[in-house]
Amino acid sequence: MIQVAEKQLEEIRAHGVKDYPYECCGLLLGRYRAEGKVVTETYPISNAREESAKRNRFLIQPEELMRGEKYARSRDLEVVGFYHSHPDSPARPSQYDLEHAWPTYSYIIVSTGEGHAGDLFSWEQESDRSKFNSEEIRVIRG
Amino acid sequence: MPVTITIPAPLRQFANGQSQIVVEAKTAGEALDLLTTNHSALRRHLFNDQNALRNFVNVYLNDEDIRHASGPDTPVKDGDTIMIVPSIAGGAVIESEVGQSLPELSNEEILRYSRHLIMPEVGMQGQRRLKAASVLMIGTGGLGAPVGMYLAAAGVGRIGIVDFDVVEESNLQRQIIHGTKDLGRRKIESARDRLRDINPHIEIETHETRLTSHNAMRLFRNYDIIVDGTDNFPTRYLVNDACVLSGKPNVYGSIFRFEGQASVFWAEKGACYRCLYPEPPPPGLVPSCAEGGVLGVLPGIVGAIQANETIKIILGAEDLLINRLLLFDAWPMKFREFKLRKDPKCPVCGEQATIKELIDYEEFCGVAAHQTPQPDSKLEEISATELNARRLRGDKIQIVDVREPHEFEIARIPGTKLIPLGHVVSRMNEIDPEVETIVHCKGGVRSAKAIEALKRAGFSGRLINLKGGITAWSDDVDPRVAKY
């Protein structure tokens, strides 16, 4: 289970719509709690390599992730997951995503189209790496 | 040397919840080996089955990527820190893959498909997709032959074949999936043996049946992609409609004489066959290959295009033949292409589709009515045996052959006069109306048309159609007359 405030979900959707028809991506910062993850901030990552990276590529390079982690530590937070958009595609992870993921992290995917965002789901990898399970998003209001 | 390894938050659960672990090692590789030996549950998240670091897992020694140093052999010193940092993937999603893992390839398969594997457009991932895919081929004739052989060779994991015919001599000029040794065998058996010989790593499922409105949906359900290799309009409409109703792509090909067509009809993404041809042609207008002939290599070319598109669909390629009709003419050797558009009023894939289930396609194409002579038609007929008896009796009759001259070259009934169908009316005066006239062609269809045309043109003599044409003559009277 992952708790996300409405505001952050809106930020993720807006980022996806802004970058459409390209994919957007970013980090989910927050805390690991016994009852699940809590997201308190999103950390958008610039997407400067759309053309070369249309297929099967990494959206977030390790250097960017480390910068994000450093920023998170300065706020006493941790990286609890990632978000990215699937332009004109379902908000589901691909086989490629599965092979390039770790358990515990939340992978939020938002489906985007021209001027609007569609489904938004969170996914978590099974601990034996065999598949993604859909993860409950608990929306914090206000 | 004691070095400190920082465990990323999501993996701490596999390291007893620790965020930092100190190990004694000389190199970065040794440090990771020790770490994953002590905490074996961590290993699969860092290393793949070949014991190599997963390609999204990056190892930093004091803020430097070890890939930029000496990799796992990068030496470590006392007090160094090692960080493990993932790259985050994104990528196009293929819906059918969700929640499924693709089958692995054996070493034999890797060797077999190596020319595929070294291309990034296919690669291991693509080849595993091919292995996970299933394709149903309708027909193992001219088009089905190359389609089946190339899909089998490419490693499509499960291939279904539908056919009800047996292999005949006249098939072998183009249906290269069958051989001379297979004459008289059921086509599905002959095709299955050939495909197995090409690739023993795949599954082949045979369906010895005619594709009908009753079985099509059930058959299609078990396959990802349907390849249409049929030679007649009722089945072509049936394949199209069943694909639209079941949401499957229909990889279409058709051939006649020197000309071929190919397209991918996929209603979710573009036009279907009915968007292109809402109505079938009037029965008899478009001759079949049996009547009009076909260059043997033509289905090889068109079928290979179908196989190509099928493989691209499986690999998730772009630029498919969707909304594109490819026309090929082998005689001038020219390819042309037409843009297709989805018809919003299409009765099967349009916004207000009226066809919700499969219909009677023989009736839709007017074939049933065409093949059975109408009761009120006054077409007189004679069998080959009767005709022979009358000739032997010395009856005064004349026989007119309405086939083409090149057919006449292949085989003829002795003592006949050749007037091709297209000239029969203009050369009517060459037929004596005072004498009974027997008209024949290859199978009896064109001769019936000739009789109709002559009657309409006012020919006054008695006209009788030879049932089954020269083929029946060869079967029942004189086997020395060649069949073709």
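**Entry 1: B:Asn323**

I looked up B:Asn323 and found it in the loop between helix H12 (298–315) and strand E13 (324–329) of chain B. Helices (H or I, at least four residues) and strands (E, at least two) are DSSP runs, numbered from the N terminus. The model is predicted: local features need pLDDT of at least 70, side-chain atom pairs count only at pLDDT 80 or more, and totals for chains, interfaces and linings use all residues. Residues are numbered from 1 along each chain as its sequence is written, and chains are lettered from A and ligands numbered from 1 in the order in which they are written.

B:Asn323 has 19 C-beta neighbours inside 10 Å, so I noted it as partly exposed. A residue is buried if 20 or more other C-beta atoms lie within 10 Å of its own, exposed if 12 or fewer, and partly exposed in between, with C-beta atoms placed from the backbone. I then listed the contacts of B:Asn323, leaving aside its neighbours within four places in sequence: B:Gly270, B:Ala271, B:Lys339, B:Leu340 and B:Arg341. Two residues are in contact if their C-beta atoms, placed from the backbone, lie within 7 Å.

**Entry 2: a sheet in chain B**

I traced five strands of chain B that form an open sheet with parallel pairing, in the order E15-E19-E18-E16-E17. Strands E15 (380–382) and E17 (416–418) of chain B stand at the edges with a single partner strand each, so one side of each has no neighbour in the sheet. From one strand to the next the twist averages 35°. Helix H17 (residues 445–456) of chain B packs on this sheet and touches E18 and E19 of chain B; its direction makes about 170° with that of E19(B). Axes are lines fitted to C-alpha atoms, for helices over the stretch in contact, and angles run from 0 to 180 degrees between N-to-C directions.

I also checked one pair of strands. E18 (residues 436–440) and E19 (residues 463–466) of chain B run parallel and are joined by three bridges; two strands pair if DSSP finds at least two bridges between them. B:Thr437 stands opposite B:Leu463 in E19(B).

**Entry 3: helix H9 of chain B**

H9 (residues 233–246) of chain B has 14 residues and reaches 20 Å from its first C-alpha to its last, close to the 20 Å expected at 1.5 Å a residue. The expected span is 1.5 Å times one less than the number of residues. Twelve of the 14 residues of H9(B) are buried, so the helix is largely enclosed by the rest of the structure. Among them I noted B:Phe233, B:Tyr237 and B:Val244. Just after H9(B), B:Gly247 takes a positive phi of about 70°.

**Entry 4: chain A**

I counted three helices and nine strands in chain A. Of its 142 residues, 46% are buried. In helix H1 (residues 6–19) of chain A, the buried residues are A:Gln8, A:Leu9, A:Ile12, A:Arg13, A:His15 and A:Gly16. They cover an arc of only 160° around the axis, which puts them on the same side of H1(A); the arc is that of the directions from the helix axis to the C-beta atoms. The face turned away carries the exposed A:Glu6, A:Lys7, A:Glu10 and A:Lys18.

Last, I looked up confidence. Over residues 50–56 of chain A, pLDDT stays under 50.

How values were computed. pLDDT is the predictor's confidence in each residue, from 0 to 100.
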